[in-house]
Amino acid sequence: MATSAEKVPMLAEGHRKLTDDLKRLKSERPDIVEAIEAARAHGDLSENAEYHAAKERQGQIEASIADIEDRLSRAMVIDPTTLSGDKVAFGATVTLVDEDAKKVKYQLVGQVEADARVGRISYNSPLGRALIGRQKGEDVEVSTPSGDRYYAIKKIEFI
């Protein structure tokens, strides 16, 4: 993954989750080193499946650690309760009405926190990108794999 200096917006909850993931991965390091040493003791490494599996897991852990450390170093923790305004922005909770007059409510969050089942969508998702900068009363069209969807923005909250 190419790193950039671009800030990564996230809520405090997402920052905490990344920090916890980082601690967990770093705590696995000694176990992996132990597994590599134990496999190495079995002799011929060319046909040693345990050794190759442990080395592969070590590579995965180190790549994940590097990725999380990069994201944390560029993290811009945002508290939505400190924000206000009449336009949709990162952290906003937006109440929408779809073309079937069904109400849906989403909070725009970072990729780490996104979980559509609990009403949290990434600001980078198609719907998130379509909502950013819009105001209450505006209509939004979103292209999805299942076709175009239309929403009307009913409410913008920073909670």
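Student: Let's start with the largest nonpolar core. Which residues touch the most other members?
Tutor: This is a predicted model. Its largest nonpolar core has 17 residues. Val88, Val94, Leu96, Leu127, Leu131 and Ile153 touch the most other members.

Student: Take Ile153. What is it in contact with, leaving aside neighbours within four places in sequence?
Tutor: Val88, Val94, Leu96 and Leu131 are among its contacts. Those four are also on the list of core residues that touch the most other members. Ile153 also meets Thr95, Arg134, Gln135, Lys136, Gly137, Glu138 and Val140.

Student: What does the second, separate core include?
Tutor: That core has 16 residues. Leu18, Leu25, Tyr51 and Leu72 are among them.

Student: New topic. How do helix 1 and helix 2 pack?
Tutor: Helix 1 covers residues 12-40, and helix 2 covers residues 49-73. They pack at an angle of about 155°. Their axes are 9 Å apart.

Student: Why give both an angle and a distance?
Tutor: Two packed helices are described by the angle between their axes and the distance between the axes.

Student: So are helix 1 and helix 2 roughly parallel or roughly antiparallel?
Tutor: Roughly antiparallel. The angle is about 155°, and angles over 145 degrees count as roughly antiparallel.

Student: Is the crossing left-handed or right-handed?
Tutor: Helix 1 passes helix 2 in a left-handed crossing.

Student: How do the residues of that contact divide?
Tutor: The contact of helix 1 with helix 2 has 14 nonpolar, four polar and eleven charged residues.

Student: Where is Glu62?
Tutor: Glu62 sits in helix 2. It is partly exposed, with a relative accessible area of 33%.

Student: What is Thr93 in contact with, beyond its neighbours within four places in sequence?
Tutor: Lys105, Tyr106, Gln107, Lys155, Ile156, Glu157 and Ile159.

Student: Now the loop. Where is Asp100?
Tutor: In the loop between strand 3 and strand 4. Asp100 counts as exposed, at 60% relative accessibility.

Student: How many residues apart are Asp100 and Ile36?
Tutor: They are 64 residues apart in sequence. In space they are 57 Å apart, C-alpha to C-alpha.

Student: And Ala101, what is its phi?
Tutor: Ala101 has a positive phi of about 65°, although it is not a glycine. Ala101 is also in the loop between strand 3 and strand 4. It is exposed, with a relative accessible area of 64%.

Student: Last one. Where is Asp148 found?
Tutor: Asp148 is in strand 7. At 39% relative accessibility, it counts as partly exposed.

Student: What does Asp148 contact, leaving aside its neighbours within four places in sequence?
Tutor: Glu99, Glu141, Val142 and Ser143.

Student: How many Å separate Asp148 and Asp115 in space?
Tutor: The gap is 21 Å, C-alpha to C-alpha. In sequence they are 33 residues apart.

Notes. Residues are numbered from 1 along each chain as its sequence is written. This is a predicted model: local features need pLDDT of at least 70, side-chain atom pairs count only at pLDDT 80 or more; totals for chains, interfaces and linings use all residues. Side-chain values use heavy atoms; hydrogens and water are left out. Axes are lines fitted to C-alpha atoms, for helices over the stretch in contact, and angles run from 0 to 180 degrees between N-to-C directions. Helices (H or I, at least four residues) and strands (E, at least two) are DSSP runs, numbered from the N terminus. Angles under 35 degrees count as roughly parallel, over 145 as roughly antiparallel, 65 to 115 as roughly perpendicular and the rest as oblique. A crossing is left-handed if the near helix is turned anticlockwise from the far one by less than a right angle, and right-handed if clockwise. Ala, Val, Leu, Ile, Met, Phe, Trp, Tyr, Cys and Pro count as nonpolar, Asp, Glu, Lys and Arg as charged, and the others, Gly among them, as polar. A nonpolar core is a set of buried Ala, Val, Leu, Ile, Met, Phe, Trp, Tyr and Cys residues joined through side-chain atoms within 4.5 Å. Buried means under 20% relative accessible area, exposed over 50%, partly exposed in between (1.4 Å probe, protein chains only). Contact means heavy atoms within 4.5 Å.
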